[in-house]
Amino acid sequence: MNDFLLYEFTKLMKKKKWNLKELALNADIHYSDMSRIFNNKKALSLHYLDNITEAFDLPKGSFYKGYVKLCFNERNLLDKRRSDAFVYECAKNGFKSELFYILSVMIEEKSKAIRTKYFQNLFFIAEQLFLEGKEKEALPLYELIIEHMPNTATEEVAISYFRKFYMTRLTNEGSLVLVRVLEYISYMPPKFQELTILWITATYYMLKQWDEVLHYAKRLEKIAKIKDHIGRALMYQAFALTRLGNNLDEVLNLIDRYEQINDYYADLAAGNRYVAQIDFGNIQVVDSYKNWLQSRDDFYVGIPRILESYVKLGRLEDAENFIENHYDQIVDMSNSKNLLKQHIYIDYCYALGLLKCETNKINEGLDEILNVALKVKNSEIHERFQKCLIAIWHYRDFLSKELEEKYIRILS
């Protein structure tokens with residue numbers, strides 16, 4: 001233990017009128033271990049430091065600045081056990097200055113062999129954080145691995161690119177990371193190659209870029225070993241072919257194939273047959289689709305499609321009653337931070353705009369559709385933007401001067 005920590009602990013012991021045995025008792029550390037630590041015969045672990053901090057009724061991390069030097073061994077290299085634990089806790093709990101110091105040491109290490117070892121260890125810390133749901137805390141570590149690993153043609157760098165893509169895929173940075181992750185996919189173990197193609201497919205699905213969805217879904221089908229991934233590959237192909245205007249029989253054939261995988265996919269197949277029928281124009285099955293969804297937790301996914309179908313069928317009273325009956329779910333979508341629910345809510349707003357236009361609330365309806373167009377204009381979801389423009393053009397004769405100006409701004 002260094003002089004700074006020894007001085008601080010001794011000062012606090014005097015304040016509390018504790019001897020070493022009393023400190024050991026309050027810190028839940030065996031006295032013999034505590035004695036050896038104070039006599040520099042045993043290294044002070046971070047776990048013990050946190051226990052001592054808590055015993056003194058101080059916040060976690062109060063002594064972390066003083067602990068930094070203990071992360072090094074006698075050769076002035078980072079001690080794996082103590083430095084790994086320290087980096088993990090600092091990253092997890094937001095002790096940025098202490099973390100920055102250790103990471104700077106890793107980056108500035110001149111020996112490639114030692115620096116490689118440092119960043120291999122950092123990768124395992126990032127993975128631990130990621131798998132614990134601490135994605136935000138793990139991301140800067142992955143970025144450092146990508147930037148500073150001496151040999152970039154490694155599993156660690158490749159997987160770091162995948163993790164970064166997963167976390168940034170629906171941001172402005174996502175498309176740039178996608179290019180890089182595809183370059184590094186050959187360096188990944190098969191499990192991560194499969195996951196990467198799956199999430200690339202899912203990302204293009206969210207962005208409604210159907211050519212890309214179809215391409216990567218077919219690629220996923222070829223390499224997938226996990227049944228769930230095979231099911232998703234077939235399902236994404238069916239969705240893409242529907243939007244790309246292929247024939248209904250081809251889509252239904254894909255649905256038949258993933259229906260055989262397990263009960264979960266058999267259940268989805270039943271609903272997705274209705275979805276395919278509706279999307280190919282057979283909107284008369286909308287009530288059957290609604291009945292299938294009725295008892296499901298994910299009923300909200302069908303709200304826009306059902307509402308739009310009612311409007312197209314001229315069942316305007318049913319459409320208004322449908323909104324009233326599912327008001328709580330609609331509000332939940334509008335307030336949700338879940339990206340899928342946010343996208344579905346935008347689709348709902350579009351359908352609501354159509355309903356208002358058909359119930360003599362044309363200005364309100366057009367404003368709703370214009371707002372949807374405005375929201376998706378700067379995203380990569382071109383399909384939805386085009387759909388809005390077509391609807392606005394259909395009702396163009398009813399545009400007020402104010403709405404026409406809004407329309408022109410959106411087009412500019």
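Is Glu308 buried or exposed? In this predicted model, Glu308 has a relative accessible area of 11% and is therefore buried, since the limit for that label is under 20%. Its partner is Lys312: the two side chains form a salt bridge, with 3.2 Å from N to O. Both residues belong to helix H18, which covers residues 303-312, and they stand four residues apart, about one turn of the helix.

Side chains of opposite charge can pair when their charged atoms come close. Across the whole structure, a search finds 28 salt bridges. One of the pairs joins Lys406 to Asp367, and the closest N and O atoms are 2.7 Å apart. This pair links distant parts of the chain, as Lys406 lies in helix H24 and Asp367 in helix H22, 39 residues apart. Lys406 counts as buried at 15% relative accessibility, while Asp367, at 28%, counts as partly exposed.

Lys164 pairs with Glu173, and their closest N and O atoms are 3.0 Å apart. Lys164 has a relative accessible area of 14% and is buried; Glu173, at 32% relative accessibility, counts as partly exposed. Glu173 is also touched by Thr168, whose other contacts, leaving aside residues up to four places away in sequence, are Leu139, Gly174 and Val177. Thr168 is part of helix H10, residues 155-168. With 4% relative accessibility, Thr168 counts as buried. Elsewhere, salt bridges join three residues into a network, namely Asp50, Lys60 and Glu89.

The aromatic residues come next. A pair of aromatic rings is described by the distance of the centres and the angle of the planes. The whole structure holds 25 aromatic pairs according to the search. In one of them, the ring centres of Tyr184 and Tyr187 are 5.8 Å apart and the planes meet at 50°, so this pair is tilted. Tyr184 counts as buried, at 10% relative accessibility, and Tyr187 is partly exposed, with a relative accessible area of 37%.

How are the rings of Tyr264 and Tyr265 arranged? Their centres lie 5.1 Å apart and their planes stand at 85°, so the pair is edge-to-face; the angle needed for that label is over 60 degrees. Tyr265 is buried, with a relative accessible area of 0%, whereas Tyr264 is partly exposed, with 46%. Apart from such pairs, one aromatic cluster is formed by Phe123, Phe124, Phe130, Tyr142, Tyr166 and Trp199.

Aromatic rings also meet charged side chains. The ring of Tyr31 has the charged end of Lys21 over it, 5.4 Å from the ring centre. A second case is Tyr300, where the charged end of Lys341 sits over the ring, 4.9 Å from its centre.

Which residues have the most contacts inside the largest nonpolar core? They are Phe9, Leu23 and Leu44, and the core has 102 residues. Leu23 touches Met13, Trp18, Met34, Phe38, Ile52, Ala55 and Phe56, when residues up to four places away in sequence are not counted. Another core lies apart from the largest one; this other core has 48 residues, including Ile306, Leu307, Met333 and Cys357.

How values were computed:
Residues are numbered from 1 along each chain as its sequence is written. This is a predicted model: local features need pLDDT of at least 70, side-chain atom pairs count only at pLDDT 80 or more; totals for chains, interfaces and linings use all residues. Side-chain values use heavy atoms; hydrogens and water are left out. Helices (H or I, at least four residues) and strands (E, at least two) are DSSP runs, numbered from the N terminus. Buried means under 20% relative accessible area, exposed over 50%, partly exposed in between (1.4 Å probe, protein chains only). Contact means heavy atoms within 4.5 Å. Rings of Phe, Tyr and Trp (its six-membered ring) pair if their centres lie within 6.5 Å; planes under 30 degrees apart count as stacked, over 60 as edge-to-face and the rest as tilted. A charge sits over a ring if NZ of Lys or CZ of Arg is within 6 Å of the ring centre and within 35 degrees of the ring normal. A salt bridge is a side-chain nitrogen of Lys or Arg within 4 Å of a carboxyl oxygen of Asp or Glu. A nonpolar core is a set of buried Ala, Val, Leu, Ile, Met, Phe, Trp, Tyr and Cys residues joined through side-chain atoms within 4.5 Å.
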